[in-house]
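Trainee: I've just opened this one and would like a close look at a single part of it. Could you walk me through it slowly?

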Amino acid sequence: PKIQLKSVSIEYDDDKALIKLDKKSIALPPYKHEHYFCQVMFECEPKEPVSWDIIFDRMMGHTTVSGGKKPEPSRENWQKVNDTMKRTNNRVKAKANTDDDLFSWAEKTIIRNY
């Protein structure tokens, strides 16, 4: 039977690049886009919108916080974040046997649904 993400505990282990759904661990490629995407998303509360450029900065290995300039809001740049979100959602769906999206995209922001 398919599980519902709202009915399981969800944690993130950044050191091991793992999303944990109850007892099931979903491995992410360490130090790749999905790992950095989840780093940012799990620093925030569920339902808290996060701008695409914050995630893009982490994925690309630089930060606007340390005096860099904001990334260009080009389709190519924000699409990298959107594609990473979709890959992460698909990985969770396949490994956890669910139809639920862990993350959602709206107006160039991402929220963690659970």
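Going by relative accessibility, does Thr84 count as buried or exposed?

Mentor: Thr84 counts as buried, with a relative accessibility of 0%. "Buried" here means under 20% relative accessible area, "exposed" means over 50%, and "partly exposed" is what lies in between (1.4 Å probe, protein chains only).

Before we go on, keep in mind that this is a predicted model: local features need pLDDT of at least 70, side-chain atom pairs count only at pLDDT 80 or more, and totals for chains, interfaces and linings use all residues. Residues are numbered from 1 along each chain as its sequence is written, and side-chain values use heavy atoms, with hydrogens and water left out.

Now, where does Thr84 sit? You'll find Thr84 in helix H3, which covers residues 75-96. Helices (H or I, at least four residues) and strands (E, at least two) are DSSP runs, numbered from the N terminus. Setting aside neighbours within four places in sequence, Thr84 is in contact with His33, Glu34, Phe37 and Met59; contact means heavy atoms within 4.5 Å.

Follow those partners and you get to the packing of two helices. Two packed helices are described by the angle between their axes and the distance between the axes. For H1 (residues 33-43) and H3, the angle is about 90 degrees and the axes are 9 Å apart. Axes are lines fitted to C-alpha atoms, for helices over the stretch in contact, and angles run from 0 to 180 degrees between N-to-C directions. H1 and H3 are therefore roughly perpendicular to each other. The labels go like this: under 35 degrees is roughly parallel, over 145 roughly antiparallel, 65 to 115 roughly perpendicular, and the rest oblique.

On the H1 side, the residues that meet H3 are His33, Glu34, Phe37 and Cys38. Their partners in H3 are Val81, Thr84, Met85, Arg87, Thr88 and Arg91. Sorted by class, this contact has four nonpolar, three polar and three charged residues. For that sorting, Ala, Val, Leu, Ile, Met, Phe, Trp, Tyr, Cys and Pro count as nonpolar, Asp, Glu, Lys and Arg as charged, and the others, Gly among them, as polar.

H1 itself is mostly covered, with eight of its 11 residues buried.

Tyr12 belongs to strand S1 (residues 10-13) and counts as buried at 17% relative accessibility. Along the chain, Tyr12 and Gln39 are 27 residues apart, yet their C-alpha atoms are separated by 8.1 Å. The side chain of Tyr12 reaches the backbone oxygen of His35 at 3.2 Å. A polar contact of 3.4 Å also joins the side chains of Tyr12 and Asp14. A polar contact is a pair of N or O atoms within 3.5 Å; within protein, one must be able to donate a hydrogen and the other to accept it, and residues adjacent in sequence count only if both atoms are side-chain atoms.

Just after H2 comes Gly61, with a positive phi of about 85 degrees.

Let's step back to the whole chain. The protein has three helices and six strands, running β-β-β-α-β-α-α-β-β from the N terminus on. Buried residues make up 40% of its 114 residues. Of the contacts with a separation of 6 or more, 52% come from residues 24 or more positions apart.
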